[in-house]
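Reader: Before we discuss the model, please show me the sequence and the structure. I shall then ask about pairing, packing and contacts.

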Amino acid sequence: MKTVLIAVKDTKQGTFGAALWFRTIEAAIREFRHEAMNPDSMIGKYPEDHELWYVGKFDQETGIVTVEITGPLFLVSGVMAKGQESEK
């Protein structure tokens with residue numbers, strides 16, 4: 001099964017966290033949105049300092065990681081994620 005590799009970037013530190021794998025980008029955004037709505041999480045406390053990025057794919061059958069040649073792709077910010085949740 002091919003999965004997507006996603007990382008949260010802390011814009012205050014200017015660094016990416018460890019990449020995590022999800023079945024889909026949509027599932028990763030849902031989880032990020034959940035964290036953005038949690039007032040006890042770092043993303044929830046400082047949504048303006050966090051962004052979600054797509055960094056590549058991981059094939060669980062072969063163990064091959066494929067990264068984007070142009071670099072990570074921005075998906076959503078913590079502020080955007082909080083706004084999306086409130087629209088539901």
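**Pairing, packing and contacts**

Reader: Which residue in strand 4 is the bridge partner of Val4?

Author: This is a predicted model, in which local features need pLDDT of at least 70, side-chain atom pairs count only at pLDDT 80 or more, and totals for chains, interfaces and linings use all residues. Residues are numbered from 1 along each chain as its sequence is written, and side-chain values use heavy atoms, with hydrogens and water left out. Strand 1 and strand 4 run antiparallel and are joined by nine bridges; helices (H or I, at least four residues) and strands (E, at least two) are DSSP runs numbered from the N terminus, and two strands pair if DSSP finds at least two bridges between them. Within strand 4, the bridge partner of Val4 is Lys57.

Reader: Over how many bridges do strand 4 and strand 6 pair?

Author: In strand 6, Val76 is the bridge partner of Leu52. Strand 6 covers residues 73-77, and its pairing with strand 4 is antiparallel. The number of bridges over which they pair is four.

Reader: Strand 4 and strand 5 form a hairpin; which residue in the turn has a positive phi?

Author: Strand 5 (residues 65-67) pairs with strand 4 in the antiparallel sense over three bridges, and Gly56 stands opposite Val67 of strand 5. Five residues lie between the two strands of this hairpin. The residue in the turn with a positive phi, about 80°, is Gly63.

Reader: How many of the ten residues of strand 4 are buried?

Author: Buried means under 20% relative accessible area, exposed means over 50%, and partly exposed lies in between (1.4 Å probe, protein chains only). By this rule strand 4 is mostly covered. Of its ten residues, the number buried is eight.

Reader: Which element gives the most to the largest nonpolar core?

Author: A nonpolar core is a set of buried Ala, Val, Leu, Ile, Met, Phe, Trp, Tyr and Cys residues joined through side-chain atoms within 4.5 Å. The largest one has 13 residues, of which Ile6, Phe22, Phe32, Leu52 and Val76 touch the most other members. Two or more residues come from each of strand 1 (2-10), helix 1 (25-37) and strand 4 (50-59). With five residues, the element that gives the most is helix 1.

Reader: Which residues does Phe22 touch, not counting residues up to four places away in sequence?

Author: Contact means heavy atoms within 4.5 Å. Phe22 is one of the core residues that touch the most other members. With residues up to four places away in sequence not counted, Phe22 touches Thr3, Val4, Ile6, Ala27, Ala28 and Glu31.

Reader: With which residue does Phe16 form an aromatic pair?

Author: Rings of Phe, Tyr and Trp (its six-membered ring) pair if their centres lie within 6.5 Å; planes under 30 degrees apart count as stacked, over 60 as edge-to-face and the rest as tilted. A search of the whole structure finds two such pairs. The pair formed by Phe16 is edge-to-face, with 5.7 Å centre to centre and 85° between the planes, and its partner is Trp53.

Reader: Why does this pair tie together parts that are 37 residues apart in sequence?

Author: Phe16 is partly exposed at 37% relative accessible area, whereas Trp53 is buried at 15%. The pair ties these parts of the sequence together because Phe16 lies in strand 2 (residues 15-16) and Trp53 in strand 4.

Reader: With which residue does Lys12 form a salt bridge?

Author: A salt bridge is a side-chain nitrogen of Lys or Arg within 4 Å of a carboxyl oxygen of Asp or Glu, and the count comes to one. The closest N and O atoms of the pair are 3.9 Å apart.

Reader: Is His50 buried or exposed?

Author: His50 is in strand 4. Residues it touches, beyond four places in sequence, include Val8, Phe32, Met42 and Ser77. Its relative accessible area is 7%, so His50 is buried.
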